[in-house]
Amino acid sequence: MSQSEVTPTQITNLIQHEPIEFSISIQPHGLLMALNPQLVILQVSNNTEDLLGKKPNDLLGQPLSDLLNSEQVKAIEQCWQQERGRVNSFKLSIQTSKGKQYFDGIAHRTESTLILELEPTDSVNEISFLSFHALAGEAIAKMRKTSNLTDFLQLVASEVQKITGFDRVMVYEFDHVGAGSVVAEVKRHDLSPYLGLHYPATDLPEQVRELYKRNLLRFIPNLNAQPVELVSVENSETHSRPVDLSFCVLRSAHPCCVEYHQNMDVAAMLVIALIKEQKLWGLISCHHQTHKHIPYEVRKICEFLGQIVSRELEHKVNQSQLDYRVRLQSLQSDFIESISQADNFREALVNPQPSLLDVVDAQGAAVYLDDEITLLGATPNIEQVRLLIDWADASNGDNLFSTDSLPKLYPEAVAFKNTASGLLLLRISKVRRYYILWFRPEVIQTVSWAGNPDESIQVDANGNVKLCPRASFERWQQTVRLTSLPWKPCEIDSALALRNAIVGIVLSKADELARMNLELERSNRELASFAFAASHDLKEPLRGIHNYSTVLLEDYAQLLDEDGIEYLQTVVSLSQRMETLINSLLRLSQLGQAKLQLQATDLNELLDQVIHLLRASRPQGQFNIRIPRPLPTIECDPVLVSEVFSNLIINALKYNDKPEKCVEIGYLNAEEQGETSVPFVFYIRDNGIGIPEHHHESIFRLFKRLHSQEKYGGGAGAGLAISKKIVERHGGRIWVESVVDVGSTFYFTLE
Ligand code: ADP
């Protein structure tokens, strides 16, 4: 089995089975005794001779009153009345072989024993309130004033360093899996910095974390000192069952912990737990390169400060999360405002200010709208994004999909891990294929561990897993590959809120469009019925004018002079022209209203009839109409389509000054057009006078003519407008290609 095959469960099991709190030795700078309810000494550490001048056997089985005066004994006895784990401290003076010796006495009870720890001290005087205030008060006042979390933690490190004088004071923060990172540091200038380094979760086993929650301060003044064993009265309870030392200040360090710190060149350490919402949030960790003793009172001040920091943390961490959330919300609302006001939605989405990237703190983004992808910042290429969206659609149907290790789910992403190891995909509409994607790069370039985390796990020849202190504490790039920084819950919320806003904007834009369409339809209908009514009503008085003018010309011509007759003739011809115009208008307005009578129509038959009628109406006309290949049968309104062919053929012959007027009628199929969007494009080609390019669009407007009435047989200027209307009613379009003096080709489609 290799190191990488060691599973997290194996590691956890391994650590869980190390009975750290039931160690049977203590640190040698103090002594420990376990007492029964009658305060008889059942167990002592094997260093009583050094500190008290008495051998353990001289103390075992003896009452505590042999050692302490009655007042001191009475005070210690009180501990029995208290709940388990409550720690009491006393200043004690003991008569030893070397004379009177002062001790800090620290007592607490376990299930059945009372544990008394004694640490030698220089004086019997407790630290005064004023010096306590000088040490802690000032630090607390400064902490309260700092609102920013990073500044606050830095201040904590620096205040603890001032109070303790350690070479290095760091603040660690643990993440959700228990891996730590150094978030603040104060150090002796010649030491290399650890700030920003990350530690794997295995560096602080779960059991040690639990102990820190119970015992908020851990002090080891000399990691190199030889631990002292505990000795018991034979056959006593403490003899058969190890005592729970979890609340003991003198509990010896685990060999792993000793080796770990020795590797870091640390000889003394003080660790203060930081608890937030009943969980171990982090640690204030103090290191010293040489042995260092910190008086009990100063440690108590540190513990007290740790509790204040814990209390403040709750507020400051929440505040910093809130600040970030508020910042995201304000960026988000700026962003939403800018896109809701923009005419071009896509452009607004990828505008640099306010940026789409800031809404979730991403390094790259892609917007997929109407089958087009627009990229922003550091991203995979367009084709990679397109394939990624297809994959996401096939594998997950939620509106929001996020991962901080995309290549592990989608192996193709290995190719673009540097831009998109993290993906946050927002599906705005699956049907219309609207997506926003945000990307984060692989973090390998940005994360450094202190030492190689794999070194802490070793496997022996028999395959047994062993946790070992890591040998290296130099900055080491972690090999957790293909992973980005995680998406925070508030960033995911921000993306979701953006989706809701975009859906709202798109819906309101669609609403507006639908309302405008309705309005347009209504006004079109009104216009058509107005045109119909007006042209219909105008025809009657016009006919009257025409009739009376004709009567005047026929019956009263002798009463008029030459000018009068000419004027009347003009009135007659103008009224005729006006009637033609009104008829065209009427036809056009009818076209807009009438329902199409669609049926399968053989265009060869249809054209036969059109040409037949044409020849009948122009008996002297010299023209040549060619249809190179039979036309298809299509679904259309045959009466209207006849009108289109008729108008276009008439124009082809009319606007033609060649001695032999040639017209070719045919079609292009999908292949010949080079595209497949419509099956047929019909054309009518002539060798006539041609149309200047700048008129290629205007000729389709109603009453637009390019020539005076006298030329090319006149006309109402409505034939092309009517043809256009018919073609559009069929869902098609009409256009012209033409060269002056060479000829024109009119094209149209019918779907
Ligand atoms: P009208 O023929 O009654 O004038 P149209 O709407 O059919 O009205 O045509 C509009 C104008 O387009 C014509 O006046 C003419 O100037 C030009 N036009 C139409 N067809 C052709 C053509 N095949 N060749 C040259 N010019 C044409």
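1. In what order do the 5 strands of the antiparallel open sheet stand? In this model, which is a predicted one, the order is S15-S14-S18-S17-S16. The edges of that sheet are taken by strand S15 (372-377) and strand S16 (400-403), each of which pairs on one side only, and from one strand to the next the twist averages 10°.

2. Helix H12 (residues 382-395) lies across S14, S15, S16, strand S17 (422-429) and strand S18 (434-440), and its direction makes about 110° with S18. Helix H15 (residues 489-555) lies across S16, S17 and S18, and here the angle, taken to S17, is about 25°.

3. Another open sheet has 5 strands in the order S24-S26-S27-S29-S28, and its pairing is mixed. Strand S24 (623-626) and strand S28 (734-739) each have a single partner strand, so one side of each is left without a neighbour in the sheet. The twist in this sheet averages 15° from one strand to the next.

4. Glu664 forms a salt bridge with Arg626, and their closest N and O atoms are 2.9 Å apart. Because Glu664 lies in strand S26 and Arg626 in strand S24, the pair ties together parts that are 38 residues apart in sequence. Which of these two residues is buried, and which is partly exposed? Glu664 counts as buried because its relative accessibility is 17%, under the 20% cut-off, whereas Arg626, at 44%, counts as partly exposed.

5. Over the whole structure, a search finds 31 salt bridges, and the general idea is that side chains of opposite charge can pair when their charged atoms come close. One of them joins the side chains of Glu111 and Arg84, at 3.6 Å from N to O. Glu111 lies in the loop between strand S5 (99-109) and strand S6 (114-121), while Arg84 lies in the loop between helix H4 (70-77) and strand S4 (88-96), so this pair ties together parts that are 27 residues apart in sequence. Glu111 counts as exposed at 56% relative accessibility, and Arg84 is partly exposed, with a relative accessible area of 45%.

6. A further salt bridge, between the side chains of Lys316 and Glu312, has an N to O distance of 2.8 Å. Because they are 4 residues apart in helix H10 (residues 296-341), Lys316 and Glu312 are separated by about one helical turn. Both Lys316 and Glu312 are buried.

Methods
Residues are numbered from 1 along each chain as its sequence is written. This is a predicted model: local features need pLDDT of at least 70, side-chain atom pairs count only at pLDDT 80 or more; totals for chains, interfaces and linings use all residues. Side-chain values use heavy atoms; hydrogens and water are left out. Two strands pair if DSSP finds at least two bridges between them. Helices (H or I, at least four residues) and strands (E, at least two) are DSSP runs, numbered from the N terminus. Axes are lines fitted to C-alpha atoms, for helices over the stretch in contact, and angles run from 0 to 180 degrees between N-to-C directions. Contact means heavy atoms within 4.5 Å. A salt bridge is a side-chain nitrogen of Lys or Arg within 4 Å of a carboxyl oxygen of Asp or Glu. Buried means under 20% relative accessible area, exposed over 50%, partly exposed in between (1.4 Å probe, protein chains only).
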